[in-house]
Every structure is written in structure tokens, then in C-alpha cells.
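Hi,

Here is the structure I promised to pass on.

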Amino acid sequence: MTAIEARPATSTKTMPGAPRRRRVHPAIVIVVGAVLVVALTYVLPPFRNYQLATVGAYFCVTAGLTVLTGLNGQLSLGHGALMATGAYTLALSQNKWENLPLSFALAVLVTTAVGAVIGLAAARLRGPYLAGLTLAVAIVVPSVTSTFDETFNSDQGLSVMLNPPPEQYPMEQWQAWLCWAAALIVVLLLALLVRGRFGRDLRAVRDDETAAKLAGINIARTQVLAFVVSAACAGVAGALFAYLAQSVSPGAFPLTLSLFLLMAIVIGGLGSLFGALWGALLLVVLPTLSQSVGEHAGSQRLEGNLALIVFGVVLVVVMLAAPGGLASIPSRISRLIRRNR
Amino acid sequence: MSEFIYLTFDGLSRGLVYAAFALALVLIWRAARIVNFAQGAMAVAAVYVAYSVTNATGSYWLGFVVALLAGLVLGVTVERVVMRFVDHSSPLNGVVVALGLVLIIQGTLGIIYGNEYLPVETPFSRDAFEVGGVAMLSRYDLFVIAAVGTVVVLLTLLFTRTAVGLRMRAAAFAPDVSRLLGVSVGGMLTLGWALAAGVGSLAGMLVVPTELGVHPTAMDVVFISAFAAAVVGGLDSPIGAVVGGLVVGLLLSYVSGYIDVTVAPMAVLALLVVVLLGRPGGLFSSSKARVA
């Protein structure tokens, strides 16, 4: 059993671009997804549309993170902080110029630049060292906002000036469209990117650095690029969060957010963009469920904390029982059955 | 000048706590090649146990002892129930599982005690003695020095002078050979986790009263500081952990004193970056092979 499962997190079974899935061009999947989302926004009530929008925002960052961690083997706990970077940039730019497309572009640019800096450091680090450094990045967010409180207004954060959407569309529907447009573009770009040479390089570096180097791959460059791409996705997600909440504060980007993101990509199967979608969905559904359980039990303490426990248990159980993520369970079961016959 | 002296003593006292915590990280790293990212959460759990016991009985010392025992038990539980079954072929797996434990522990503590800072008492006064008008150490600082010093001496004796310590080192260094020679490698691993978690909860007991109080996330920044300390010293070196802890403690004390408390986490991040990029093996990593 152990021989086959020796590198479960890296099993090719769950990778996008594995032979089974290569037949469908990602663009087709994206178009189908877009049609589905638009149809959904007409059926769902406003609050569900808002949640749908949140799923889209999460999808951006989980997709980027799963490419970094799953395909390139770099574990980042700093993506919550990168999202905060995107969110604060959007807020600052929006409050100054009130030009949403410009603010989004700036948010992505700034986050990409920050990601490049972290990525340069990360390319020289491995395993627990990288995790520790990025953890420090995640913890530094409140410290930065309090130290430069004239710009970031410490714990209170900033509100975001937004123009109302076109009149004929309800607010939540508009939000869902915007978030999903961003998410689908991000995911399409990622899917195209990891299908090609870049994706092969990422995996080669992850699996065996020496072999990759011998094959002429520039290891450091690949790792930094992976981090930059992933950071850009986090920047998009952060900007969307600021847009959705119409405010930003350090409390919205705690360390647990980064851990939640990790859980999201682990449960979907590391490296799988489809898995990232399931993860993003769970990030919205599980807290909602646990909140309603908490309300039902009439316990405020339960509301926020039950989600933590559920996420933690899921993370541990998936990691111990099915490191390839939920998507890998059917193939694992069939393998077990075949062996026992 | 007097402020400098005060900050130095404060930094050394703080640094000893970080040293103890870093020592806990190093213990597990040496035994299992895992950086226990759940160490902070486990320590907080132990502090909460102490909080409950002290509130119920009114005795700080009873709470203190129970917290250390709770730490040992938690360490054994985590190793036996979870960590033992982690697939170590990728170093990511252990980290991810530990982070899952962080969520579980923090969520559980939040449900039981609520997400607010609860005040924790100190057994001794934290007012510093004054020598010639210059504030130096407090009784509590002396207690910290004594406690951490005792732990360091006991651990040194354990690893260098006893048969159990020798077995633990052997089990970590050459598990297969040790098993053939009759060492219970799994048992030694469990013992290592128990010891580390015990030392970690001691550090938690010492550091929490000096900050805002006990909170499910109270040790997050402490964990990062201790991780920085362990990295400064090299994850493999217990002496390095102690020296690294003192370095980090002094740095944080000066930064908090001369600039602002809110800058402290940024200083830790900067230190981590400098050390990791400049000397990733730590200042005390002279030999490639593990000697002990």
C-alpha cells in the first residue's frame, strides 16, 4: 500500500491536463461555467447571489494557490496577507480616484510586486522553512496596518467608495457577475498556463529538482514565476473581497484565512483546478452551515468556532486518509478492491 | 542608558521564554523531522487548563503543575493519534496536518472559553527591582530564568547522561539500526513529543501572563518569534535554540521599547528573512551530518 501511495499529494490522477481531461479545451469548460453562473444568478435570491459572488472571489485565490502548492510544491501560508494587499490597494485607489477598473489593475499589480518579493525569498527555501516564513508574512498584517495607521487606519480599516451598479440589475447579481467574470478569466489563464511548458516545468521542479536542473529548467526562475502568478490571483481575490464587503480591515484577513485556503486546496486535491472550485465552495458553505447550527443551538461561541473545528478535522482527515483530496477517493477505493480480489 | 539596561534585562527574560519554546520545536524536529506548527496552539490549550484549575482551586501552583502534565498528555495524544499516521514522503504533509490541528485546538478552545482575552495572574510581582535608580529584573523575571534554566539543565542531563536519552538520540539518528538493537523507536518518538509539548506548555505558562492574557490565538506571534529563534540557531541545535531565543528576545525588546510594540512582528519577519536568506542552516550549523 505504501509503495503506491508514496507521493500521494503529487499523484498525477488529480492533475489538470492528465490525459483523461486533456480532450476538453479549458475555454469550453469556462464558457459552460459562465453560462451556468449567469443562469444561476437569475434563479437565486439576493443573499445566495452574494454568496455565489464570494465563492467566485475565493475561487480566484484557491486556483492560484493550488498551482503554487500542488503543482510546484511551495506551501504558502501568506496568501491571506497577499489578499489583504490587494484589498487595501483597491480601497486606497478607489477612495482616491473612484475608478474601479484602474483600482483593480493597481490591486493586481501591487500584489504581484509583493508576491515577487516574497517569491524571490521563497525560491531559496524549502518545506517547513518556507511555511514558517510565509506564516510570519500572514501574522504581520495587523502589525503593518497599526504601524502605518495614517494610511491604513489600524484595526478599523478603510471603507471603499463604490459607484452603484447599473440600475436594471440588482446589486448582488451584479456582484456575482463581476466576481465570476474575474474568477473564470483567472482560471482560464491558469489552465492554459499549466497545460503548456510552464506547467511541465512546475511539476518537474516539484518532483525532482536535480532532474529538472539537468533537463535545463531554471529552478529559481520557475519557482519565483509560480509565486508571482499565484500572488496575482490572490490580488484579484483580495480586490474582489474589498469590493464585496465595501470595506477592508485586518480582521478580515486573519491567519485562519490562510489556513482555510490551505484546507480548500487540500480537500479538492492539491494541484487540481476543479478541486480549487470545490474548496472555494466549501469555504462559503461550511461557515454558513456551522453558523446556522450555532444559531440553532443558541450559542454565539459555537457560531464562529465550529467552522474552525470542521475545517481542521477535514484537513487532518483528508491528509491522513486521502492525501490526493476528495477527487482521488474513487480511484483509491477501486485500487483497494482490485488488490483484495 | 537606564532604559537600555531595563530593555536588555526585559529582552533576556523574554528571550528565555522564546528559547524554551524554540527548544520544544527543536526537540520534535530532531526526533521526527517535523516542525510542529501546532506547538503554539497546544501550549495555549495547556494554559487554558491551568486557568481553569487555578480558578477552581485558587492555587497558581496547582494550575502550573497540571498545565505541564496536560502538555505532556497532549503531546502523547497528538503523536499517537495523528502524527504517527502522517505520510512523511513529502515534508508538506506534516506541516499541513499540524496546521489542521491548530484549527481544531483553537476552535475547541474558542467554544469552551470564548474568543476574548482572559486575564491570567502571575505568581510573583512583575515590578522590577531598582539598583541605583535603574530598573532591572522583577521577581517574575527571576522565576522565568530559574524555570527555563532548570528545563535546559534537565534536558541536557537527559540527553547526555541517561540511557533513555541515548536511546532517543539513537532512534532519531538511525531508526532502523536502533530497532534491531532493541530500542523502541516509536516509544522514543512519543516520549520526544511529550517532552517537547511539556516544554512548550511551560513556555506558554511563562509568556501568557506578560501579554494581554490567554486567548485561543495568544501564541501565534510567540510561535513565529520562537520559530525565528529556532531558525537563527539552526533547527538541529538545542544550544542554538537558546542563543536564538535570547537574540530574538533582545531584538523584540529593543524594537518595542525604542520604536513601538506594533513593529515587533515586522522585526521578527525581517530577522527571519535575513537569517533564512543569509544562513538558512542557522548560525550553529557547522557540521552537515547530525552528531547528536
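What pLDDT does chain B average, and what share of the residues score at least 70? The average for chain B is 86, and 96% of the residues score at least 70. Keep in mind as you read that this is a predicted model.

**How confident is the predictor?**

Let's stay with chain B for a moment. Confidence there is lowest in β1(B), with a mean of 74, and highest in helix α2 (residues 39-57) of chain B, with 93. Watch out for residues 287-292 of chain B, where the pLDDT is below 50. Beyond near neighbours in sequence, that stretch has three contacts in the model.

Now for chain A. Its mean pLDDT is 83, and 91% of its residues reach 70 or more. Among the elements of chain A, the lowest mean pLDDT, 50, belongs to helix α1 (residues 19-22), and the highest, 92, to helix α11 (residues 219-245). Residues 1-19 of chain A stay under 50 throughout, and the model has 42 contacts beyond four places in sequence for them. As for the complex, the predictor gives it an ipTM of 0.85 and a pTM of 0.85.

**Inside chain A**

An unreviewed UniProt entry carries the annotation "transmembrane region" for several stretches of chain A, including residues 129-148, 174-194 and 224-245. Residues 129-148 of chain A are 95% helix and 0% strand, with end C-alpha atoms 28 Å apart. Residues 174-194 of chain A are 100% helix and 0% strand, and here the end C-alpha atoms lie 30 Å apart.

On the α8(A) side you will find A:Gln175, A:Cys179, A:Ala182, A:Val186 and A:Leu193. They meet A:Val229, A:Cys233, A:Val236, A:Leu240 and A:Leu244 in α11(A).

**A hairpin in chain B**

Chain B has a hairpin to look at too. Strand β1 (residues 128-131) of chain B and strand β2 (residues 134-138) of chain B run antiparallel and are joined by three bridges. B:Ala128 sits opposite B:Ser138 in β2(B). Two residues lie between the strands, and B:Gly132 takes a positive phi near 60° in this hairpin.

**Where the chains touch**

Helix α6 (residues 127-147) of chain A packs with α4(B) at an angle of about 40°, and their axes are 8 Å apart. That angle makes α6(A) oblique to α4(B). Here A:Gly127, A:Pro128 and A:Ala131 in α6(A) meet B:Pro91, B:Leu92 and B:Val95 in α4(B). Five of the residues in this contact are nonpolar, one is polar and none is charged.

Happy browsing!

Terms used
Residues are numbered from 1 along each chain as its sequence is written. Chains are lettered from A and ligands numbered from 1 in the order in which they are written. This is a predicted model: local features need pLDDT of at least 70, side-chain atom pairs count only at pLDDT 80 or more; totals for chains, interfaces and linings use all residues. pLDDT is the predictor's confidence in each residue, from 0 to 100. Helices (H or I, at least four residues) and strands (E, at least two) are DSSP runs, numbered from the N terminus. Two residues are in contact if their C-beta atoms, placed from the backbone, lie within 7 Å. UniProt positions are given in the numbering used here, feature names are shortened, and annotations may be inferred rather than shown by experiment. Two strands pair if DSSP finds at least two bridges between them. Axes are lines fitted to C-alpha atoms, for helices over the stretch in contact, and angles run from 0 to 180 degrees between N-to-C directions. Angles under 35 degrees count as roughly parallel, over 145 as roughly antiparallel, 65 to 115 as roughly perpendicular and the rest as oblique. Ala, Val, Leu, Ile, Met, Phe, Trp, Tyr, Cys and Pro count as nonpolar, Asp, Glu, Lys and Arg as charged, and the others, Gly among them, as polar.
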